[in-house]
Amino acid sequence: MRNRILDTSTLDKELLKQLDAFIDSLEGDKQEHLIHVLHKAQDLFSYLPQNLQLYIARKLDLSGARVNGVVTFYSYFNEKPVGKYIISVCMGTACFVKGADKVLERVLELTGTSKNEMSSDGLFTVKDVRCIGACGLAPVMTVNDKVYGKVKPKDVDDIIRHYRSIQYESK
Amino acid sequence: MRVNNYNDLKEWKKVCPRKADYKINVLVCNGTSCLSSDSEMLAKILEKEMLNRDLNGEIRIVKTGCFGFCGQGPIIKIEPDDVTYVQVKVEDIAEIVESHLVNRIVVSRLLYKEPNQTNVVEQSSGMNFYKKQMRIALRNCGEIDPENIEDYIVNNGYFALAKVLQEYTPDEVIKIVKESGLRGRGGGGFNTGLKWELTRKVPGREKYIVCNADEGDPGAFMDRSILEGDPHSVLEAMMIAGYAIGASQGLIYIRAEYGVATNRLYRAIKDAKEAGLIGKNIFGTDFSFDINIKLGAGAFVCGEETALIRSMEGFRGEPNKKPPFPSVQGFRGKPTSVNNVETFANVPAIILNGSKWFSSIGTEKSKGTKVFALAGQIRNNGLVEVPMGTTFREIIYDIGGGHPQGKEIKAIQIGGPSGGVITKDFFDTKIDYESLLGMGAMMGSGGMIIMDEDNDMVKIAKFYLEFTQDESCGKCTPCRIGTKRMYEILENLVNMKGKPEDLDRLRILGENIKNTSLCGLGQTAPNPVLSTMKYFMEEYEAYAYRTKRTTYSIDPKLCIGCTKCARNCPVSCIEGKVKEPHYIDETKCIACGACYEACPVHAIIKP
């Protein structure tokens, strides 16, 4: 990507300014803070499109390949757009032995999407995630920051309906 | 308050609010697990009630870290009465306030009921769950408000650091920790004092202390609970370690998924800095130390110390070969000691109570206590801390309360994707690092997943392999390709496409991966398969020889003919008359399990 022309026209200027300010505030070797910068960028933009990755690369004087290599290595970073609600179904052992696979199946069925893809209405992205450490509540799923414990496949219907309805009300 | 010397700390401790200053302390668990069931709301309502009733001078509401009794959350504990309420709901608060806090009458319906006992235990210390525990690493979890530095100081917080800086040379600190016998709680079990000594011996002025909080083992959450419940103890220990090895900079590498823990750490660092406990010339000595947080980004391999260091430097978290060990060449190429959260949490207690005290606990080669996370098919899910040498039986049955429905426990998976299974024949073994290795498992971080007869061991092994092959960083071939091939063999077996010779291939491949992988991830990845093959070969053979039943069936002796299963079956393959035993057409059954879930008398037999 080094020789590619950086096109930032699709990126929000205000958010870019905030990202710049964050990068400028970092002390010491800025390249060492790459992962920290990517976290901040994802917080701001919700995902990391390629031109944003290239923007960060130029800013930190790194190659685009190096930045893309890091983004794709870590599962926390999204290269594709994500829905308003990110549903994470825990696939840790404790949840697995308590039937998390059936919960995930039901979530995918109800949102009409596949793993790591955004649903067509832009509302949901469904992920299967590593153990979130709430094993006492297995099986566990989270919707953004809200944790749902001891979830049965039939509970999923209510949860999804809840988020659909608040969406409807806010419109 | 600003602490410029030892005396300042002592004076501060005298004026910190104590539990004894209040008539009643209401401890509300605010660990991740209880927070998910709205325990924050419970604390808010309690605080409001106290204000309304003008009781806030007598009664203090404390938002604490984890009590460990996660399966029964949200938990509220009333002190000094030593009463624990479980599964407390918003609507129960009024009764707790009116009955217990005002009239001092215990609300017995909210007490925990022990299995197979009709009477409830009123005193928390009398509960089986707590009776056999010994809390050192978790000493403050569930006792103090983790966001209040004064709560930590009143419990002798930062006194170990003060003692070290006043009384000991770095070599003496190392000697104490070495003699205590403390070993790394993150998995390997390397002597902590020795690790510090090795790092100290390497010449150079720039050295680093790293706290490994990248707790990735599925089923383990002790590090998260310590950071959420007692973050200052980890900071204090990192500084003691920094003094011992000659470092002035500490870094905490924490999973990005641990939001609550990260926020509490930031808060703790900020408070300690403001108090002068982190920073320049701590306690007026020439020792200076700074602590920063580095966020992970979701890669299991980063729990391996060389990969963790790469990740902290802003690279893909790929491990390096050892030697050189991080103690020689670590972060930024400088000598670095990487220790785990639970290991650190033990250090202040060792300094204050002495190495003899610590080494008197545990077995010959494994000293102190270990925190285990109990999950899976067990009644009391949660965190328990027991002396090394406690048996599996004591942990599962006495503390854990056994199977929730009283079924037989078939096996325990310990040590996560690096560990193995223990069968019931070994339940009386005393747990320590050596005994576990002898059984083909390992301590790992201490996650215990309890399994019953419904859990298919081949599928469990496949689950772990899917995890490790997905998390393999791809740097070395045996791990990258080997685990993938093992996974494919397992997938074929489970899908009834396997052959008997697959079993040999699986074992040989597993042993080769163990012997030739670059880092701990690959070297231990085959363990879940090899150990289940050792103890549950018949389950593998059932798949390999295709004698495994794949459909559900009904026990005619138990069936009461209620027709629930037939009505729930999505492919209508269950037939039978009302009040007569039903049967499943096994040629049509899709093994969805709907009948199993529906049956009120457990007459459905799982495949």
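Biologist: How many residues of chain B are in contact with chain A?
Modeller: In this predicted model, 37 residues of chain B are in contact with 30 residues of chain A. Two residues are in contact if their C-beta atoms, placed from the backbone, lie within 7 Å. Local features need pLDDT of at least 70, side-chain atom pairs count only at pLDDT 80 or more, and totals for chains, interfaces and linings use all residues. Residues are numbered from 1 along each chain as written, while chains are lettered from A in the order in which they are written.

Biologist: Changing topic, where is the cis peptide bond of Pro80(B)?
Modeller: The bond joins Glu79(B) and Pro80(B), with omega about 5°. Pro80(B) sits in the loop between β3 (76–79) and β4 (83–85) of chain B.

Biologist: And which residues does the cis bond in chain A join?
Modeller: Ala138(A) and Pro139(A) are joined by a cis peptide bond, with omega about -10°. Pro139(A) belongs to the loop between β2 (124–129) and β3 (141–143) of chain A.

Biologist: Is Asn281(B) buried or exposed?
Modeller: Asn281(B) is exposed, having 12 other C-beta atoms within 10 Å. A residue is buried with 20 or more such atoms within 10 Å, exposed with 12 or fewer, and partly exposed in between, the C-beta atoms being placed from the backbone. Asn281(B) is not a glycine, yet its phi is positive, near 50°.

Terms used. Helix = DSSP H or I, 4+ residues; strand = E, 2+ residues; numbered from the N terminus.
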